[in-house]
Amino acid sequence: MGADTAGRGVIRRAVAGQRRDVAVGSLLGACHQIGEALVPVLIGLIVDRAVVRPDGGALAIWLVVLAVVYTLLSFGFRFGARAGERAAEQAAHQLRLDVVRRVLAPHGGAEAGRPPGALVNVATEDARRVGAVNMALTLGIAAVVGVVAGAVLLLRASLPLGLLVLIGAPVLMALGHFLARPLQHRSEAEQEQAAHASGVAADLVAGVRVLKGLRAERAAVDRYRATSQASREANVRAARAAALQTGLMLTLTGSFIALVALVGGRLVLSGSIGLGALVSAVGLALFLPGPIGMLAWVGAELAKGRASAARIADVLAAPGETTGGTAEPAAPAPGELRLNGLGHAGLDALDLTVRPGEHLGIVVTDPADAQTLLHCLARRCDPDRGSVELDGVPVTELAPDALRSVLLVAEHDAQLFDGTLLENVTAAAPAGADPGPAMDAAAVDEVASALSGGTGGRIGERGSSLSGGQRQRVALARALAADRSVLVVHDPTTAVDAATEARIAAGIRRARTGRTTVLVTSSPALLAATDRVVLVDGGTITAEAPHEDLVRDHPVYRTAVLT
Amino acid sequence: MTTPSHPADDSAELLPVATPARTRAALRALIRPDRGLALTGIGVLVAATAVGLLVQPLLGRIVDIVADGRPAGDLTLPVVLLVAVAAVQGVTTTIGLTRVARLGETVLARLREQFVERALDLPADRLERAGAGDLTARVTGDVARVAEAVRSALPEMARSVLAILLTLGALALLDVRFLLAALLAVPVQLLTARWYVTRALTLYADQRVANGAQQQQLLETIGGAVTVRGHRLERQHTERGAGRSRKAVDLTMRSVNLVLGFYGRLHIAEYIGLAAVLIAGFWLVRDGAVSIGTATAAALYFHSLFGPVNAALVLLDDAQSAAAGLARLVGVTDLARPTEPVAGKAEPAGAAEPAPVPHQRTGPQQRTAPGAAVAVDAVSHAYGPGRPVLHEVSLTLRPGEHVALVGTSGAGKSTLARIVAGVQQPTAGTVTAPAGAGEPSVVLVTQEVHVFTGSLAEDLRLARPDATDAELRGALSTVHALDWAEALPDGLDTVVGEGGHRLDPARAQQLALARLVLAGPALAVLDEATAEAGSAGARVLERSAEAALSGRTALIVAHRLTQAVAADRVVVLEAGRVVESGPHEELRDADGPYAALWRAWSGSRTAPHP
């Protein structure tokens with residue numbers, strides 16, 4: 001219910017933001033509909049005035065009138081629809097950006113429970129559907145005007161005939177709506193099933209290399225065939241429902257026209273209206289299903305728009321991962337990091353001070369604990385107990401984005417972005433800074449020489465044209481080039497060969513001289529290059545010494561990093 | 001390091017697109033099994049349209065009755081007939097549309113199934129050259145476009161074309177001069193259609209590209225939101241997203257303007273035709289050739305043509321875009337089926353290389369349990385002229401032996417692994433590997449993890465479709481994954497993969513190892529199958545891998561040297577050549593490349609030997 005209300009708000013804003021185009025579109029669309037309604041009337045008039053008693057002069061005059069009406073309806077349609085479409089596209093564009101801004105908001109949280117594909121769908125399909133409400137509104141208003149115009153024209157020709165259409169048309173609309181409703185519900189479920197089949201196909205194709213490695217192509221095809229057939233049956237059922245609806249509407253409108261013709265014919269015979277009025281009435285009865293059908297379509301569009309708006313509202317109102325925190329960290333930050341009895345998930349009472357400029361290695365035996373620690377440092381979660389302090393200020397008091405401009409947590413699975421190699425490395429770097437040292441430290445020069453175009457070569461979507469190890473090096477170079485006061489790196493070299501890893505260990509040391517650097521890793525090469533290593537085992541700190549000492553003296557540590 | 005790294009140049013060799021003639025032939029072949037359905041469907045729709053055309057003459061008859069001032073009772077018959085027409089039209093339309101939809105859906109299902117089957121059958125190196133994006137775009141975008149056409153454009157197009165043809169016929173029946181008058185609109189309509197289609201094609205292609213770019217940007221930004229926030233790239237990404245979205249919006253507005261210009265021209269055609277029919281009515285009534293009712297019916301007929309004509313013309317580009325999509329799908333389904341993956345023709349990779357020697361495997365030799373011998377004989381490979389990766393590599397694996405392949409990035413480890421796994425054809429040389437009967441004889445597991453959408457059990461059964469639940473549990477237990485798998489919300493029935501329960505990379509890789517256990521090959525090739533997990537997770541995975549490999553011959557591409565320590569033998573590859581081979585201890589103590597690698601990896605010259 002709450003999402004529904006919020007969804008309404010989303011629609012309201014989408015319409016209000018484009019009210020000028022919506023108004024212009026509705027107005028011109030109405031002109032078009034009136035013109036369309038006048039055409040059959042004019043046909044009737046021409047038959048009545050120029051054909052029944054052939055009159056060339058009258059024919060010429062009325063054909064000129066018909067031309068004027070055509071110009072009016074053509075102009076109204078063209079510019080009205082343009083305004084409506086513009087309103088739809090603009091509103092969708094705004095919503096798309098709103099969703100992106102919410103996802104990227106410092107407090108995060110919009111991704112919780114929503115895979116990226118689903119969120120992208122919200123930003124594209126749902127935004128488009130809500131935007132389309134604007135177009136639907138202009139068409140709906142124009143259609144109502146069309147129905148009213150038709151009725152008025154009829155009322156002028158004949159009161160009873162006009163009343164018949166005025167009452168009959170809404171009844172027809174209501175019947176159509178009533179009949180369509182259950183069908184609509186069913187077809188939505190069917191469409192979901194159909195979408196599933198296309199998802200399965202894309203999924204299998206995405207995993208084709210894995211399937212080939214496993215020699216499981218046949219099993220996958222068999223499975224896809226079953227899904228595809230289920231989807232086919234669902235679609236046939238949906239199509240049958242839609243066909244039934246079309247057929248019913250045809251029968252209803254046809255019967256309605258027969259009724260109008262019957263009543264109109266009797267009225268002419270009784271002398272209360274002219275022959276032209278009958279022809280017009282029949283023509284209008286043939287015209288009216290157009291705007292009536294349009295109204296039914298508009299109703300369906302609005303329903304889709306509402307469902308989409310609720311999903312958008314849901315994303316926009318998603319709770320953040322963390323709350324509060326507005327302070328700015330000291331500038332320039334000395335870079336002292338302190339854990340005070342930090343406890344969260346598997347971590348318990350962690351006390352640790354990283355001195356400004358120190359290079360610290362942290363070995364965490366449980367990967368989940370490592371993740372928790374990194375999340376606490378990056379303020380992706382707020383700890384249950386204790387605190388993380390940056391230069392004496394608890395990070396929970398700092399605005400997350402302000403914190404991250406001083407402290408960078410480079411996650412193990414950090415993503416690269418489409419663009420050149422150099423653009424990726426310098427993405428987070430201060431303007432004008434030389435990326436050379438960072439690239440050298442992360443051994444990105446080797447990546448560049450293997451890439452056609454060198455540092456100016458494009459690395460593809462998410463760095464897809466690079467291998468896993470190459471991607472890790474570019475991501476590390478980006479983190480180093482960002483030149484934050486505090487850098488926390490998580491397992492930066494798991495897919496890098498041993499020789500290169502040793503080079504990178506020395507490189508990090510060099511590039512971050514005098515800057516606080518924390519390496520959360522179990523790579524002996526990287527740990528050997530740190531000042532001090534802390535071992536977190538079972539959620540608590542169990543040892544603390546230089547790497548070589550721990551390797552020599554501490555069996556748990558030795559197991560953790562060397563086997 | 002991993003897969004043979006592909007340069008980011010434009011050398012990607014896209015999959016073929018079928019010619020129009022070939023596409024039509026393929027379409028005919030797809031429809032052939034359901035010819036009966038097609039004929040009856042179209043037949044019923046023709047009947048429905050024809051019945052509908054009785055409306056105007058009946059209305060004309062009412063006009064005549066009224067014009068002649070006949071008794072009101074005479075109205076009853078045509079009115080009753082009008083209602084009957086409406087009823088028959090409703091029923092036949094329902095039946096016709098249902099049949100056409102069934103036909104469309106059946107053909108569509110057939111097409112997409114053929115497509116997926118062929119796509120999964122493509123040789124791996126062909127896939128690499130085309131890039132995964134091309135195939136994914138076809139299976140999502142093109143299938144959707146064809147489906148859309150089948151679901152909405154096709155039935156509407158069929159009804160519109162039928163309505164146009166039959167209405168023109170009906171006009172001719174009233175009086176052929178009405179038809180001639182109506183046809184005055186046709187030249188304008190044809191010119192308009194041509195004007196539109198030539199412009200629409202390029203514009204819509206641009207629009208699709210812009211939409212694709214927008215989609216990709218959003219996926220990147222949203223999928224990488226943590227990275228974007230962490231690195232403070234919010235503004236860059238918002239601007240990129242806004243730019244791509246703006247471009248897509250601009251192109252959409254341009255196509256809207258095009259469509260609206262198209263309708264504007266059609267309005268002119270409508271006016272010309274309508275005026276002509278009215279003038280013809282005027283002449284014919286004046287000359288006494290037709291009744292007023294007939295003239296009215298003719299005008300109403302022409303008026304009723306507006307809708308179908310507009311629909312048919314505007315659907316032209318849907319039809320065209322569907323045809324383009326169909327051509328791209330048929331391009332893949334038409335690809336020559338390789339006789340067998342193993343005996344498949346080696347693609348001539350580089351003109352500079354010696355003539356390719358087909359990749360051979362000694363005949364259907366019996367599966368030798370528990371492992372199998374593998375002989376790699378003088379295998380060379382190049383990914384293109386001047387890009388050699390392997391130079392006459394020879395290597396033998398004894399049955400049950402575990403060999404670790406180590407070396408720096410770009411040494412050719414992955415390429416050799418893929419060749420041994422039979423996924424890649426070498427440029428020269430032969431690999432003799434076990435050829436199993438029924439079960440796959442060799443399985444390759446790489447660091448590329450993919451959790452297939454569906455339940456966990458379904459994912460596992462890809463490896464062995466007839467596996468029992470107990471076997472699934474057994475395989476999971478072997479790789480130490482049963483505990484977490486049973487702790488999932490619905491156990492093995494938990495939906496995983498895209499949109500389902502997300503598994504972290506380590507668990508996803510354990511799943512891949514469990515699939516290996518289920519497939520039960522004599523030879524297993526692991527290509528850095530433990531790299532993605534992060535160092536702490538890697539240890540867990542290494543234990544899983546060890547368990548999964550027990551009893552099999554195994555080639556393990558390793559970067560964590562702990563895997564080398566555990567292997568029976570270490571083979572060091574450098575610049576595409578084998579430079580060292582022997583047990584870990586032996587190589588570590590020798591003063592060769594492996595010893596240097598070990599020192600670098602262990603991070604200390606004084607590190608004790610484990």
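**Close-up views of a predicted two-chain model**

**View 1. Residues that meet between helices H3(B) and H11(B) in the predicted model.** From H3(B), the residues taking part are Gln56(B), Pro57(B), Leu59(B), Gly60(B), Arg61(B), Val63(B), Asp64(B) and Ala67(B). They meet Ile292(B), Gly293(B), Thr294(B), Thr296(B), Ala297(B), Leu300(B), Tyr301(B) and Ser304(B) of H11(B). Sorted by class, this contact holds 8 nonpolar, 6 polar and 2 charged residues.

**View 2. The axes of helices H3(B) and H11(B).** Two packed helices are described by the angle between their axes and the distance between the axes. Here helix H3 of chain B covers residues 55-67, and helix H11 of chain B covers residues 292-333. Their axes come within 8 Å and cross at roughly 145 degrees. The crossing of H3(B) and H11(B) is right-handed.

**View 3. Chain B as a whole.** Chain B contains 20 helices and 11 strands. Its length is 610 residues, of which 52% count as buried. Among the contacts in chain B with a separation of 6 or more, 79% are between residues 24 or more positions apart.

**View 4. The contact of chain A with chain B.** Chain A gives 154 residues to this contact, and chain B gives 147. On the side of chain B that touches chain A, 77 residues are nonpolar, 52 are polar and 18 are charged.

**View 5. The largest nonpolar core.** This core has 376 residues. The members that touch the most other members are Val130(A), Val260(A), Leu405(B) and Val420(B). Helix H4 of chain A, residues 116-157, gives the most to the core, with 22 residues.

**View 6. The surroundings of Val130(A).** Residues up to four places away in sequence are not counted here. Val130(A) touches Val10(A), Ile11(A) and Ala14(A), and also Ala91(A), Ala92(A) and Leu95(A). Gly305(A), Ser308(A), Ala309(A) and Ile312(A) complete the list of residues that Val130(A) touches.

**View 7. The two assigned domains of chain A.** In the domain assignment, domain 1 of chain A is made of two stretches, 1-158 and 297-321. Domain 2 of chain A runs over 337-562. The C-alpha centres of these domains of chain A lie 52 Å apart. Their contact takes 4 residues from domain 1 of chain A and 5 residues from domain 2 of chain A. On the side of domain 1 of chain A that touches domain 2 of chain A, there are 1 nonpolar, 2 polar and 1 charged residues.

How values were computed
Residues numbered from 1 in each chain as written. Chains lettered and ligands numbered in written order. Predicted model: local features only at pLDDT ≥ 70, side-chain atom pairs only at ≥ 80, totals over all residues. Domains from an automatic or database assignment. Contact = placed C-beta atoms within 7 Å. Nonpolar A, V, L, I, M, F, W, Y, C, P; charged D, E, K, R; others polar. Core = buried A, V, L, I, M, F, W, Y, C linked by C-beta atoms within 7 Å. Buried ≥ 20, exposed ≤ 12 C-beta atoms within 10 Å, placed from the backbone. Helix = DSSP H or I, 4+ residues; strand = E, 2+ residues; numbered from the N terminus. Axes fitted to C-alpha atoms, helices over the stretch in contact; angles between N-to-C directions. Left-handed = near helix turned anticlockwise from the far one by under 90°.
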